[in-house]
Amino acid sequence: MLAGRGWWFVQEKVLLGLPMLGAAGAAAVLLAGPRLLAARRGRGDGRSAGAVVSMLTAGYAALAGLVVTFLVGYPLTLSTALITISLVCAGALLTARAVTAPGRNTADEDLAQAPKARRAISRRRLIAWTGGAFVVTATGAGSGLSFLPAAESVTLGGGRGRSSRAALSVADLRGARSPAPGGAVRRHVLTAKEATVRLPSGREIDAWTYNGEVPGPAITATQGDLIEVRLRNADISDGVTLHWHGYDVPCGEDGAPGVTQMTVRPGEDFVYRFRADQVGTYWYHTHHASHLGVHKGLYGTLVVGPRDARRADEHSAAEHLDLTLPVHTFNGTVTIAGRDGQTAHPTPPGTPTRLRLINTDSDPHRIVLAGTPFRVTAVDGRDLNQPGEVSNVGLHLPAGGRYDLVFLMPDTPVALVVDDDRDGGLRLRPHGDAPGDAHIEDTSNLPELDLLRYGAPAAVPFDIRDADRHFTMVLDRGVALVDGQPTYAHTVNGRGHPSIPDQLVVDGDLVRFTVVNRSLETHPWHLHGHPVLILSRDGTPSTGSPLWVDTFDVRPGETWEVAFRATNPGIWMNHCHNLPHAHQGMMLRLHYDGVTTPFAGAHGGSAGHAH
Ligand SMILES: [Cu+2]
């Protein structure tokens, strides 16, 4: 069944696990079987050493196959095979030694004088010495191989290799310093500091904040404005940066420590500048030790409105309700826009309403909007083509992802329910503070809206058959080096960060990714600096609106195909946005040919601490 879904799912089982089980079975039947039968018929010689060794060896081999499946996984390497086989041999030799040790078997001693028995003993010694030598050699060779660095520090995805083109430093890939004509400068100072934040319920949380707030200050702009943010670090000892999630800023503004800048240490600062060219719903967060920092509160929202008058009318907040709703979990408590419990919002009937949902957690959230039909007009900030009206559906919002939900406020209450918790979430009330919202049915059985079949198809700017490079990323768990330490890691193609080869691209390349999830956890895949177009999931093409996203959830057993045009030179993080997974190895880099970084190394915060 698994093989039917692809070689990725079964490789080590077919090549090593099954032969090991086969060896176990064969040994038991051929060697131990006759002896057992003889013993049952009363014709056994009373010496069962051979049977015992065979049976136990069969057991070791079977166990080894299973252990490899769970601890190592894909891809099977010569190193893994050598170590596994030699461990099984060592087990067999030690067992043989234990059951035939002098004194344990008086028959051996009695027969020791006979020439036949002496020959048998010397043959046994020969086997022991040969086997021992094999075990030592194979274990040494296997271990040595596993500690070799990757043969290639880059993968080419079928494209050409590194050229000798003049080096371009990410330090020089900075944003515009002035707005577009007619645009304004949006200046902010964000000071990262520890603070105790009081939630509406009265609960206090020890947070890491921008400006003492959770979420940090909302950054808004109109298309063409210049966003200028000075990040200061007051007292976050781990260090901080700002990453503009989903916003395709020039690489030097991307906030990846050790790659695009140094980590901002306490007392230091860094100024980010970029044009607000993309309209839509985005967010920002620290990218240094982000598995801790984002979780503790170092995040905020970024919303850019359109300049064009017609679109401005659709999006404008005036006379409309436009709510930006980051969903974040603190110590098991779900907050929406920094508020826990249930929040009510008076909304006159007929109000055009836009809810901008942002998942700032590391796990997906299930979103239900009850009480009105609505449209999902944008995913990850990018508008969908002809999104139809839906109701009574659940929305699966990946970690890092955003959905814009749009509807006309009816004259009955509307409820936004997160993770099917009907006691929390947001209530929009048509008649002010009218108590007693309409009863909300259980939402947990509502079917999930499949965005790959939502909206209408439209032209896309490339034909995937022209792809210049094709990279496959097989996501799994296994023992691998992460920052030089052997770890039970979250791996990409069997390796952990920073041992995963960079993916090399050339400016202008059309790039295709195949992402395969062999693990038991969901991996929200996130490429910096480029939105990707979803091509297919499990071989079924996307048939709805073109879906451009910056994070897509690859659930266990799924295979996703996505593509993008490489038109934003730099060195870009390419990682799982379940941030603890990224920290445990699931992170690599997309590297444009000819681009270098001066920030690699200890002062930038080792790449391993980048997340
Ligand atoms: Cu993950």
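Quick definition before we start: a donor here is an N, O or S atom within 2.8 Å of the metal, and water is not among the atoms, so a site may look incomplete. Keep in mind that this is a predicted model.

**Exercise 1. Work out which atoms coordinate the copper ion, and how their residues are spaced along the chain.**

Step 1: list the donors. They are ND1 of His-523, SG of Cys-576 and ND1 of His-581, at 1.9 to 2.1 Å.

Step 2: write the spacing. Along the chain the donors follow H-x52-C-x4-H.

Step 3: His-523 sits in strand E26 (residues 523–527) and Cys-576 in strand E32 (residues 571–576), 53 residues apart, so the pair links distant parts of the chain.

**Exercise 2. Decide whether His-523 and Cys-576 are buried or exposed.**

Step 1: recall the cut-off. Buried means under 20% relative accessible area.

Step 2: apply it. His-523 has a relative accessible area of 0%, so it is buried. Cys-576 also counts as buried, because its relative accessibility is 0%.

**Exercise 3. Find which strands pair with E27, and in what sense.**

Step 1: go through its partners. E29 (residues 548–549) joins E27 by 2 antiparallel bridges, with Leu-533 opposite Trp-548. E31 (residues 559–565) is antiparallel to E27 too, over 4 bridges; there Arg-537 faces Trp-560.

Step 2: finish with E28 (residues 540–541), antiparallel over 2 bridges. Arg-537 stands opposite Thr-540 here. The E27–E28 hairpin has 2 residues between the strands, and Asp-538 takes a positive phi near 50 degrees.

Methods: Residues are numbered from 1 along each chain as its sequence is written. This is a predicted model: local features need pLDDT of at least 70, side-chain atom pairs count only at pLDDT 80 or more; totals for chains, interfaces and linings use all residues. Side-chain values use heavy atoms; hydrogens and water are left out. Donors are N, O and S atoms within 2.8 Å of the metal (3.2 Å for Na, K and Ca); water is not among the atoms, so sites may look incomplete. Buried means under 20% relative accessible area, exposed over 50%, partly exposed in between (1.4 Å probe, protein chains only). Two strands pair if DSSP finds at least two bridges between them.
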